[in-house]
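Please keep the sequence and the structure in view while reading.

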Amino acid sequence: GATDVALSPSLSWNAASGADSYKVQVSTTSDFSSTLVNQSNITGTSTSVSGLDDGTTYYWRALATNAVGDSNWSAVRSFTTISAPSNGALVAHWKMDESSVQHYSM
């Protein structure tokens with residue numbers, strides 16, 4: 001349910017006892033009828049995803065795997081990426097102090 005998430009977030013989960021690796025899926029639908037990310041053979045308990053769109057809600061889940069097979073998928077989690085500023089919105093402001101500029105004549 002996190003909001004204003006960066007467009008390349010790191011997803012993390014708790015380690016599962018006996019796991020050799022993990023699989024992670026990311027989708028724009030909570031039923032995962034189509035996936036944007038479908039990573040396998042993740043040996044740690046986190047992974048970074050990229051290529052996400054701004055102002056979009058994503059759903060993700062993970063499962064553990066070993067030589068015996070796969071666990072059930074974890075509970076589905078969601079997050080919404082940060083929205084891009086609207087056209088013409090002020091993104092940054094720098095004050096230029098012209099009184100500190102030195103002028104030279106020749």
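## The surroundings of T56

T56 touches T28, F79, T80 and T81, leaving aside residues up to four places away in sequence; contact here means heavy atoms within 4.5 Å. The model is predicted, so local features need pLDDT of at least 70 and side-chain atom pairs count only at pLDDT 80 or more, while totals for chains, interfaces and linings use all residues. Residues are numbered from 1 along each chain as its sequence is written, and side-chain values use heavy atoms, with hydrogens and water left out.

The residue T56 is located in the loop between β5 (46–48) and β6 (57–66). Strands (E, at least two residues) and helices (H or I, at least four) are DSSP runs, numbered from the N terminus. Is T56 buried or exposed? T56 counts as buried because its relative accessibility is 19%; buried means under 20% relative accessible area, exposed over 50%, and partly exposed in between, with a 1.4 Å probe and protein chains only. The side chain of T56 also reaches the backbone oxygen of D54 at 3.1 Å.

## Strand β6 and its partners

β6 is mostly covered, as 7 of its 10 residues are buried. Two strands pair if DSSP finds at least two bridges between them. Strand β3 (residues 21–27) runs antiparallel to β6 and is joined to it by 7 bridges; within this pairing, A62 in β6 is the bridge partner of V24.

Strand β8 (residues 77–81) is also antiparallel to β6, with 4 bridges joining them, and Y59 stands opposite S78 in β8. With strand β7 (residues 69–70), β6 pairs in the antiparallel sense over 2 bridges, where N66 stands opposite G69. β6 and β7 form a hairpin with 2 residues between them. In a regular strand, side chains alternate between the two faces of the sheet.

## Aromatic rings and a charged side chain

How many aromatic pairs does a search of the whole structure find? The search finds 3; rings of Phe, Tyr and Trp (its six-membered ring) pair if their centres lie within 6.5 Å, and planes under 30 degrees apart count as stacked, over 60 as edge-to-face and the rest as tilted. W13, Y22 and W60 form one aromatic cluster.

The charged end of R61 sits over the ring of F32, 4.0 Å from the ring centre. R61 also lies over the face of W73, at 4.4 Å from that ring centre. A charge sits over a ring if NZ of Lys or CZ of Arg is within 6 Å of the ring centre and within 35 degrees of the ring normal.

Terms used: Polar contact = N/O pair within 3.5 Å; in protein donor to acceptor, adjacent residues only side chain to side chain.
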